[in-house]
Amino acid sequence: MNIYFCGSIRGGRQDVVIYQTIVKKLQQYGKVLTEHVSYDSLSDKGEDGDKAIHDRDVQWLTMSDVIVAEVTQPSLGVGYELGRAVAMNKRILCLFRPSSGKVLSAMIRGASNKPLFQVQDYKEDEVESILEKYFDTVIKN
């Protein structure tokens with residue numbers, strides 16, 4: 001299974017430790033095409049070559065069976081990726097931490113229409129069990 005993980009890069013790297021936990025868990029279910037999003041070494045400047053990044057990431061989105069997005073840190077790029085994934089009829093799980101004090105965009109929360117697009121509020125210590133439950137359902141279907 002190909003998994004596309006979305007997390008903020010240029011929007012801010014505050015949640016990189018959570019991204020690492022998520023990516024490590026996702027690797028139990030398949031190939032995470034975007035594991036680099038969880039790298040400590042990736043700064044908020046991202047990588048060089050905006051066009052190359054866009055084209056590569058759209059190709060990975062197309063190849064993906066499931067999209068998992070951590071959406072607590074607002075990111076234009078993550079929003080764009082999710083919009084493209086919806087247009088491709090991809091299965092999407094968005095993870096949001098209300099304890100951050102932030103409010104999730106209505107365009108994300110309002111898009112939730114199980115089973116293809118789900119938004120799940122979580123606490124950090126729950127993320128692995130939420131992913132287990134989600135992928136148990138994905139695998140059964």
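1. In this predicted model, strand β1 (residues 2-6) runs parallel to strand β3, and the pairing extends over four bridges. One point at which to look for this pairing is Cys6, whose bridge partner in β3 is Ala69.

2. Strand β3 also pairs with strand β4 (residues 91-96), again in the parallel sense, here over five bridges. Within this pairing, Val68 has Leu93 of β4 as its bridge partner.

3. How many residues of strand β3 (residues 66-70) are buried? Five of its five residues are, and the strand is described as mostly covered. Val66, Val68 and Glu70 point one way from the strand, while Ile67 and Ala69 point the other way. Residues on both sides are buried, Glu70 included.

4. Ser75 is located in the loop that joins β3 to α3. Is this residue buried or exposed? Ser75 counts as buried because its relative accessibility is 19%, and the cut-off for buried is under 20%.

5. The backbone nitrogen of Val78 lies 3.2 Å from a polar atom of the Ser75 side chain.

6. Turning to the whole protein, there are five helices and five strands. Starting at the N terminus, the order of elements is β-α-β-α-β-α-β-α-β-α.

7. What radius of gyration does the protein have? The value is 14 Å, and it agrees with a compact globule, because a globule of 141 residues would have a radius near 14 Å. Along the principal axes, the C-alpha trace spans about 40 × 35 × 30 Å.

8. Of the 141 residues, 45% count as buried. Among contacts with a separation of 6 or more, 75% come from residues 24 or more positions apart. The accessible surface amounts to about 7600 Å², and carbon and sulfur atoms account for 52% of this area.

Definitions and conventions: Residues are numbered from 1 along each chain as its sequence is written. This is a predicted model: local features need pLDDT of at least 70, side-chain atom pairs count only at pLDDT 80 or more; totals for chains, interfaces and linings use all residues. Side-chain values use heavy atoms; hydrogens and water are left out. Buried means under 20% relative accessible area, exposed over 50%, partly exposed in between (1.4 Å probe, protein chains only). Helices (H or I, at least four residues) and strands (E, at least two) are DSSP runs, numbered from the N terminus. Two strands pair if DSSP finds at least two bridges between them. A polar contact is a pair of N or O atoms within 3.5 Å; within protein, one must be able to donate a hydrogen and the other to accept it, and residues adjacent in sequence count only if both atoms are side-chain atoms. The radius of gyration is taken over C-alpha atoms; the globule rule is 2.2 Å times the number of residues to the power 0.38. Contact means heavy atoms within 4.5 Å. Accessible areas come from the Shrake-Rupley method with a 1.4 Å probe; for residues, only the protein chains shown count as cover.
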